[in-house]
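Grab a pencil and work through these exercises with the model open beside you. Each one sets a task and then walks through a solution.

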Amino acid sequence: MNSKYMFSLVMVILLFLIAYIGVEVAGLYRLFGIFIPYLAAFVFVVGFVYRVVYWAQSPVPFRIPTTCGQQRSLPWIRPASLDNPSENSGVVIRMFLEIVFFRSLFRNLRFNFNKGQKFSYEWEKWLWLGSILFHWSFFTVVIRHLRFFTEPVPLCLQWLEKADSFLRLEFVTDFVQIGLPGIFMSGLVLLAALIYLLLRRMWIPQVNYVSFAADFFPLFLIIGIAVSGILMRYFAKTDIVGIKEFTMGLVTFHPKAPEVSGIFYVHLFFVSVLLAYFPFSKLMHFGGVFLSPTRNLANNSRAERHVNPWNYPVKIHTYEAYEDEFREKMIEAGLPVEKELTTNGG
Amino acid sequence: MANHKKMYDKREVVAGLVIFVLIITFPFWYNLGKAAPAPELELTPTAKAAKTCVLPKEEMKAGHMQLLDIWREKVVREGNRIYVNKSGKEFTMSLSNTCLDCHSNKDKFCDRCHDYASVSPYCWDCHVDNPKEEK
């Protein structure tokens, strides 16, 4: 039993109970349906901006080349223009590959002793795979939810839904019925990837050692969001038109909390907690990835001079000025000088 | 925010933040000044006269697609065409002949909610809107 993930799990269960009891028993529809979501959205946007502005106040005077490739040097040495870009165009491509395809995770290697004492690097892509599946499916799920926040629903969203449900998984028995409404792949991939990322943190000893409650909590919370969403779509059906009327009310500032099942409010509360928690957590890597100095600066240290902004303005006395001042005395004392006394200068 | 501190690369950071806020608040400005109440459904005289559907209204509202899926399975795989609801009433399991018999106004009944919730059921790939009018 590991206290770090038990703590996070208990917190998420507690949040579930707060929302479920708050709605089903206490009937606090307006609190959980209107007040908390608005507050969470506000905290998310303001907190996010605050955090990024705070980061932007740290100067990054010097280029930090990560030694992933040959930097630009002599013309006959081929530079690694993506791994060690010397110009902004290379930086843009490097950032794009990092943000969209998680390139630095893709480069992950594992060290191992292979065949006795032979040291080797192994191709280790599982973290990259789990991570990219999670992020892309979560992104798809979020975009798909815009159908609740737009009226009429833009055509591109309808295409996305079509693409997402193209695999017609259908299964009917006397006990289970799945297939209608159409199965969205993104939801299932999201849940599977989350469970992989969670088990990885629990079972791999080295990863478990560096995992804290702040790592487990978002995982459990997003699992909670995914499970409650999947439940509502396929099993414990809710009145979707009533819910869209409510969400449209939220975005047009005429909200009216509907009296639907507690599970909808649990889903909404989990999302609100995630939004409000976001700016204070590691999830800020969403904003942080754009500001990572090892990725977003061209390595042009040799071509351009970068001045440290917090340098103290030191009063300097160059050798040139020193010699000008003491030239006569130096010559008198027999010391070598770079510039002899000139007739008109002396 | 410490005011005495300077923001570095201000132009880029502020531009990025503006884009972020614009994207995040998309649902708010996209729907600015619009009201989007739930669509009102029109019941045909036949549907009004029948008073109740196969299942109670609330169950139909949330779960009609699951009922139809089960009906299809029963009819196509098991050859069973008779459905008995909880109050013991019998129905022929058929979208075209039972459902659309009462709800013959697809565009003012089915489509209104489906469009509102952005659902495009594949029922209509095979079933025609209104079989009765085709005769």
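Helices (H or I, at least four residues) and strands (E, at least two) are DSSP runs, numbered from the N terminus. This is a predicted model, where local features need pLDDT of at least 70, side-chain atom pairs count only at pLDDT 80 or more, and totals for chains, interfaces and linings use all residues. Residues are numbered from 1 along each chain as its sequence is written, while chains are lettered from A and ligands numbered from 1 in the order in which they are written.

**Exercise 1.** Find the loop that holds A:Pro152, then work out how α5(A) and α6(A) meet.

Step 1: A:Pro152 sits in the loop between α5 and α6 of chain A.

Step 2: Now take the axes (lines fitted to C-alpha atoms, for helices over the stretch in contact, with angles from 0 to 180 degrees between N-to-C directions). Those of α5(A), residues 126-144, and α6(A) come within 10 Å and cross at roughly 135°. So α5(A) is oblique to α6(A). For the labels, angles under 35 degrees count as roughly parallel, over 145 as roughly antiparallel, 65 to 115 as roughly perpendicular and the rest as oblique.

Step 3: Look for residues in contact (C-beta atoms, placed from the backbone, within 7 Å). Here α5(A) brings A:Thr140, A:Ile143 and A:Arg144, and α6(A) brings A:Leu160, A:Glu161 and A:Asp164.

Step 4: Sort them, with Ala, Val, Leu, Ile, Met, Phe, Trp, Tyr, Cys and Pro as nonpolar, Asp, Glu, Lys and Arg as charged, and the others, Gly among them, as polar. You get two nonpolar, one polar and three charged.

**Exercise 2.** Describe how α7(A) packs with α9(A).

Step 1: The axes of α7(A) (residues 185-203) and α9(A) (residues 213-235) come within 10 Å, crossing at roughly 155°. That angle makes α7(A) roughly antiparallel to α9(A).

Step 2: The crossing is left-handed, a label used if the near helix is turned anticlockwise from the far one by less than a right angle; clockwise would be right-handed.

Step 3: Residues that meet include A:Leu190, A:Leu194 and A:Arg201 in α7(A), and A:Phe216, A:Ile223 and A:Ile230 in α9(A). The contact splits into twelve nonpolar, two polar and two charged.

**Exercise 3.** How many residues does each chain put into the contact between chain A and chain B?

Step 1: Chain A gives 36 residues and chain B gives 34.

Step 2: On the chain A side, α2 (29-56), α6 (155-164) and α10 (240-251) each supply at least two residues. That side holds 21 nonpolar, eight polar and seven charged residues.

**Exercise 4.** Where in chain B is confidence lowest, and where is it highest?

Step 1: Chain B averages 84, and 91% of its residues score at least 70.

Step 2: The lowest mean, 49, belongs to α8 of chain B (residues 131-134), and the highest, 94, to α1 of chain B (residues 10-24).

Key: Two residues are in contact if their C-beta atoms, placed from the backbone, lie within 7 Å. pLDDT is the predictor's confidence in each residue, from 0 to 100.
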